[in-house]
Amino acid sequence: MHPAKSPQTIGIISRPRRSNISVVVPPLLEWLKERGIRTIYDEETASSLDDTSNGLSRERVAAESEILLVLGGDGTLLAAARLAAPNGVPILPINMGSLGFLTSFTLEELYPALEETLAGRSSVSERVMLHVDLERAGKVIEHQRVLNEAVINKGALARMIEVELLIEKEFVCRYRADGLIVATPTGSTAYSLSAGGPIVHPTVESFVITPICPHTLTDRPVVVRDSCCIDLKLSGDTDSVFLTLDGQKGIPLQASDCVRITRAKEVLKLIQPPKKSYFEILRNKLKWGEA
């Protein structure tokens with residue numbers, strides 16, 4: 001998939017307190033200005049400039065942009081994804097963090113990637129997202145859209161927790177574990193992978209359900225179609241138990257809470273390096289084949 005036309009407005013969202021942002025952003029703004037591109041940026045980006053007065057909220061940057069340039073690591077991209085997806089804005093991610101599965105362009109590739117994007121030659125991957133509802137006493141008290149995963153997990157000093165898993169209203173099992181992860185294919189290389197889950201190609205229409213340190217060793221990750229409705233119900237002791245969304249937002253849970261997870265209507269449009277395949281990125285990030 002390729003962008004339909006050359007963008008006239010590019011928004012910039014940056015990782016807060018990243019020291020090299022102040023080196024990267026001023027020449028980038030000048031480069032875009034020379035090409036007649038209107039540029040808007042968030043308050044984090046503005047903090048790296050001499051004049052900090054033009055910084056906007058991230059919500060406004062996402063709403064007014066045709067392309068969203070994200071300077072940071074995967075955490076910055078995850079935050080930007082929740083804003084970009086509802087507006088249908090493609091994200092061009094530049095890795096200024098460490099591992100960076102999602103931010104697959106390097107800093108050295110910034111200007112070539114922009115040139116390809118402005119020329120309409122960039123490739124866009126559509127990534128499935130989760131819609132997460134938290135129900136309490138029959139009412140939805142929180143709903144969020146996430147790219148990687150929703151996790152029910154215990155606090156540092158909490159006991160093992162019990163979570164009932166239902167798929168399409170059918171009881172599957174009751175997990176006794178440190179937690180339970182429901183991940184998209186994009187999120188399969190994040191927390192789920194570290195908990196022993198499989199790597200799922202982004203084009204596979206699925207969700208991955210992965211227990212964290214299960215009490216029963218036969219409790220294994222399960223892969224289901226992403227058209228399924230997944231319900232997670234707490235039982236037993238619920239002290240210091242949280243719903244964590246993309247590793248960024250934590251919500252304390254109470255007894256009998258139900259977390260309902262479905263496929264979001266929106267997808268994230270992620271601009272990809274044209275000469276890097278998904279498996280090449282995996283090889284490089286996971287260092288496959290290295291001694």
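Predicted model: local features only at pLDDT ≥ 70, side-chain atom pairs only at ≥ 80, totals over all residues.
A cavity is taken here as a set of grid points where a 1.4 Å probe fits but cannot get out, and its lining residues have an atom within 4 Å of a point.

A search of the whole structure returned one cavity of 30 Å³ or more. The volume of this largest cavity is about 120 Å³. Its lining comprises 14 residues. Of these, F101, L102, R127, T189 and Y278 lie nearest the cavity centre. Two secondary-structure elements, β16 (258–272) and α7 (278–286), each supply at least two lining residues. Helix α7 provides the largest share, with three residues. Nonpolar residues account for nine positions in the lining.

Helix packing was examined for α1 and α5. Two packed helices are described by the angle between their axes and the distance between the axes. Helix α1 spans residues 21–34, and helix α5 spans residues 110–118. The two pack at an angle of about 30°, and their axes are 12 Å apart. Helix α1 is therefore roughly parallel to α5, since angles under 35 degrees fall in that class. The crossing of the two helices is right-handed.

On the α1 side, the contact involves V24, P27, L28, W31 and L32. These residues meet L110, Y111, L114, E115 and L118 of α5. By class, the contact between α1 and α5 contains nine nonpolar residues and one charged residue. No polar residue takes part in this contact.

Definitions and conventions:
Residues numbered from 1 in each chain as written. Heavy atoms only, no water. 1 Å grid on protein atoms, 1.4 Å probe; cavity = no way out; pocket = protein on both sides within 12 Å on 5 of 7 lines; lining within 4 Å. Points joined across faces, edges and corners; volume = space filled by probe spheres on them. Helix = DSSP H or I, 4+ residues; strand = E, 2+ residues; numbered from the N terminus. Nonpolar A, V, L, I, M, F, W, Y, C, P; charged D, E, K, R; others polar. Axes fitted to C-alpha atoms, helices over the stretch in contact; angles between N-to-C directions. Parallel < 35°, antiparallel > 145°, perpendicular 65-115°, else oblique. Left-handed = near helix turned anticlockwise from the far one by under 90°. Contact = heavy atoms within 4.5 Å.
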